[in-house]
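Subject: Structure handover

Hello,

The structure is below for you to look through. My notes on it follow.

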Amino acid sequence: MWRHAGSNLVTLLFFAGLAVFASISIGHRMFLDEGPLRNAIFFEVPKGSTVSEVAEDLAREGAIASAAIFKLGAKLWHEGEGLKFGSYEIPARASMESILRAVTTAGSSSYRYRLRYRIKSEGANLTLFERIPETGESVPLVSFQVSEPAPDNFTKIANSGIPFDYLVAIPEGLTSWQVVGGLRQAPFLIGEIEHIPEEGSLAPATYQVMEGSTRKSLLEKMARSQTAILEEEWSKRAPNLPIESKEQALILASIIEKETGLASERDVVSSVFVNRLKIGMRLQTDPTVIYGLTEGRGNLRRGLRKSELERETPYNTYVFKGLPPTPISNPGRLAIRAALHPAATNFLYFVADGKGGHRFATNLQEHARNVREWRRIEGNRQ
């Protein structure tokens with residue numbers, strides 16, 4: 001009898017062990033195999049989350065088939081200790097193993113929302129984008145001026161605790177005073193700015209920053225970038241330019257940047273100023289006169305008066321020959337390149353064409369015709 005009972009116990013233990021082995025085998029396969037997610041999603045791991053909470057959230061989102069197996073896998077693989085908060089893109093059919101690695105020290109946050117802070121000549125603009133999983137396309141959700149109250153849909157997302165990817169956009173042609181003014185209003189940056197950087201020393205670009213970054217560190221990054229750009233472009237400059245230094249190249253580039261917004265004509269505008277410098281002709285460019293009046297602190301908001309064109313400021317290129325003493329804006333790489341690679345022309349004059357560009361002329365008679373045409377266009381608009 002006891003022998004029979006022992007035989008039954010052995011059989012029972014065998015099948016129990018077999019069941020445990022089968023369960024482990026099935027669980028292991030479920031952990032490694034493709035998951036149930038049909039379409040890619042963004043998944044948020046809030047600060048302070050535990051592996052258990054993340055597993056339950058993933059199961060609710062339909063990203064995993066079993067929260068229990070996910071938690072067991074995290075424990076066996078010792079990955080749960082490296083759990084990181086953030087926003088993660090989970091591809092369709094992602095396995096539990098790949099999801100676990102994505103939300104731990106092996107992965108990196110891919111941000112569902114991107115906030116672009118664009119500084120303008122006056123004020124700044126905030127635009128919130130949402131990334132589409134898999135495609136990576138960014139779709140604008142809401143845009144508003146920093147001086148305006150934030151819209152409700154922005155506030156709701158901002159208060160959800162979901163981390164943002166922050167971008168600071170600096171357009172070409174802003175003055176250092178305008179850049180600093182915009183950075184001081186950025187709500188996600190910290191720290192004071194004690195001094196306005198030298199005019200022209202900041203590289204216009206879009207910079208990725210972390211929330212809580214200092215304004216000073218961002219300005220230093222812009223300055224390093226501009227120095228590197230100027231060094232690189234200067235080393236490849238065209239021969240026989242009437243420009244003696246990198247500083248003069250930066251000054252000329254800043255004028256080109258203020259005179260035209262068309263990339264296609266920057267080198268032609270550059271040729272006008274280079275041709276004038278070569279023959280000792282005054283540059284006679286309004287943006288330098290305006291800078292002498294405003295010192296780069298905002299816009300003039302009106303046309304220049306005759307008395308202002310005759311006023312002897314160091315920046316009045318109607319009065320003095322040559323370049324002004326400093327840049328009048330922060331030029332971008334393409335304007336710097338245009339200053340150092342002017343088009344081969346005989347142009348000495350240009351005037352607006354009413355279409356966003358300019359008409360160029362080699363002599364005063366031709367220029368006078370272009371000016372009359374511009375005045376006719378302007379008169380029709382009024």
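The buried residues of helix H12 (333-340) pack against helices H7 (215-235), H8 (246-259) and H9 (266-279). Those buried residues are Ala335, Ile336, Ala338, Ala339 and Leu340. Buried means under 20% relative accessible area, exposed over 50%, and partly exposed in between (1.4 Å probe, protein chains only); contact means heavy atoms within 4.5 Å. Helices (H or I, at least four residues) and strands (E, at least two) are DSSP runs, numbered from the N terminus.

This is a predicted model, in which local features need pLDDT of at least 70, side-chain atom pairs count only at pLDDT 80 or more, and totals for chains, interfaces and linings use all residues. Residues are numbered from 1 along each chain as its sequence is written, and side-chain values use heavy atoms, with hydrogens and water left out.

A search of the whole structure gives 10 aromatic pairs. Rings of Phe, Tyr and Trp (its six-membered ring) pair if their centres lie within 6.5 Å; planes under 30 degrees apart count as stacked, over 60 as edge-to-face and the rest as tilted. Phe347 and Phe360 are stacked because their ring centres are 5.4 Å apart and their planes are at 25 degrees. Phe347 is in the loop between H12 and strand S8 (349-352), and Phe360, 13 residues away, is in strand S9 (358-361). Phe347 is partly exposed, at 24% relative accessible area, while Phe360 is buried, at 15%.

One aromatic cluster is made up of Tyr113, Tyr117, Phe144, Phe154, Phe164, Tyr166 and Phe188.

Regards
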